[in-house]
Amino acid sequence: MTDVQEAYRLLVADVYELAGTSRRTSEAIAATTRQTTARWHVLSVLSGGPATVATVARRLGLARQSVQRIGDDLVADGLVARHDNPDHRTAPLLVLTDAGRETLTTLVARGDAARARVLTEAGVTAGELLDCRDVLRRLTAALSASP
């Protein structure tokens, strides 16, 4: 029988493997629309409404400079526009364009279809995923609270 510490180590290893595999498959999905997962993530944040680069960076846990570069690229491609920010003259708001919304809608649909196939193939139920999520959230909370 595996002790709880060993079970934890095995779980963490599997979570890292799942995250890596998921990132690779997400990159493949993003590439079908000539995007990257980083661009997909920024578009997703902006789907909630206009935001500054700094706000997007905080939401994604990324460096502001990284999001600035991605934002510049998205503006150049017409997927995002810059608007004046009434609260801050030097920090414009990034806003999805119609083309950006269309691209995001395509990415989400393709991602959902791919994930549905994977979940069906794995025979995973929503209840199992929610139970797993509960365990992961409790572990995260405990780790965050410890020194």
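Residues are numbered from 1 along each chain as its sequence is written, and side-chain values use heavy atoms, with hydrogens and water left out. In this predicted model, local features need pLDDT of at least 70 and side-chain atom pairs count only at pLDDT 80 or more, whereas totals for chains, interfaces and linings use all residues.

**Exercise 1. Helix H1**

Determine what span H1 should have, and which of its residues are buried.

Solution. Helices are DSSP runs (H or I, at least four residues), numbered from the N terminus. The expected span is 1.5 Å times one less than the number of residues. For the 28 residues of H1 this gives 40 Å, and the end C-alpha atoms are 40 Å apart, so the two values agree.

Next, accessibility is considered: buried means under 20% relative accessible area, exposed over 50%, and partly exposed in between (1.4 Å probe, protein chains only). The buried residues of H1 are Gly20, Ser26, Ile29 and Ala30, and they pack against H2 and H5. Ser22 also belongs to H1, which covers residues 4-31; because its relative accessibility is 29%, Ser22 counts as partly exposed. Ser22 lies 93 residues from Arg115 in sequence, yet their C-alpha atoms are 9.4 Å apart in space.

**Exercise 2. Arg34 and Arg39**

Decide whether Arg34 is buried or exposed, and do likewise for Arg39.

Solution. Arg34 is located in the loop between H1 and H2. Its relative accessibility is 74%, so Arg34 counts as exposed. Its phi is near 60°, a positive value in a residue other than glycine.

Arg39, by contrast, is part of helix H2. Its relative accessibility is 10%, and therefore Arg39 counts as buried. Contact means heavy atoms within 4.5 Å. Leaving aside residues up to four places away in sequence, Arg39 touches Ile70, Asp73, Leu74, Asp77 and Leu79.

**Exercise 3. H2 against H5**

Describe how the axes of H2 and H5 cross, and which residues make the contact.

Solution. Two packed helices are described by the angle between their axes and the distance between the axes. Axes are lines fitted to C-alpha atoms, for helices over the stretch in contact, and angles run from 0 to 180 degrees between N-to-C directions. The axes of H2 (residues 37-46) and H5 (residues 98-122) come within 10 Å and cross at roughly 110°. H2 is therefore roughly perpendicular to H5 (angles of 65 to 115 degrees count as such).

From H2, the contact involves Trp40, Leu43 and Ser44; from H5, it involves Gly100, Thr103, Leu104, Leu107, Val108 and Gly111. Sorted by class, these are five nonpolar, four polar and no charged residues. Here Ala, Val, Leu, Ile, Met, Phe, Trp, Tyr, Cys and Pro count as nonpolar, Asp, Glu, Lys and Arg as charged, and the others, Gly among them, as polar.

**Exercise 4. H2 against H4 and H3**

State at what angle H2 crosses H4, and at what angle H2 packs with H3.

Solution. For H4 (residues 64-76), the axes come within 10 Å of those of H2 and cross at roughly 85°, which means that H2 is roughly perpendicular to H4. Ala38, Arg39, Val42 and Leu43 of H2 meet Ile70, Asp73 and Leu74 of H4. This contact has five nonpolar, no polar and two charged residues.

For H3 (residues 53-60), the angle with H2 is about 110° and the axes are 10 Å apart. H2 is thus roughly perpendicular to H3. His41, Val42, Val45 and Leu46 of H2 meet Val56, Arg59 and Leu60 of H3, giving five nonpolar, one polar and one charged residues.

Key:
Helix = DSSP H or I, 4+ residues; strand = E, 2+ residues; numbered from the N terminus. Parallel < 35°, antiparallel > 145°, perpendicular 65-115°, else oblique.
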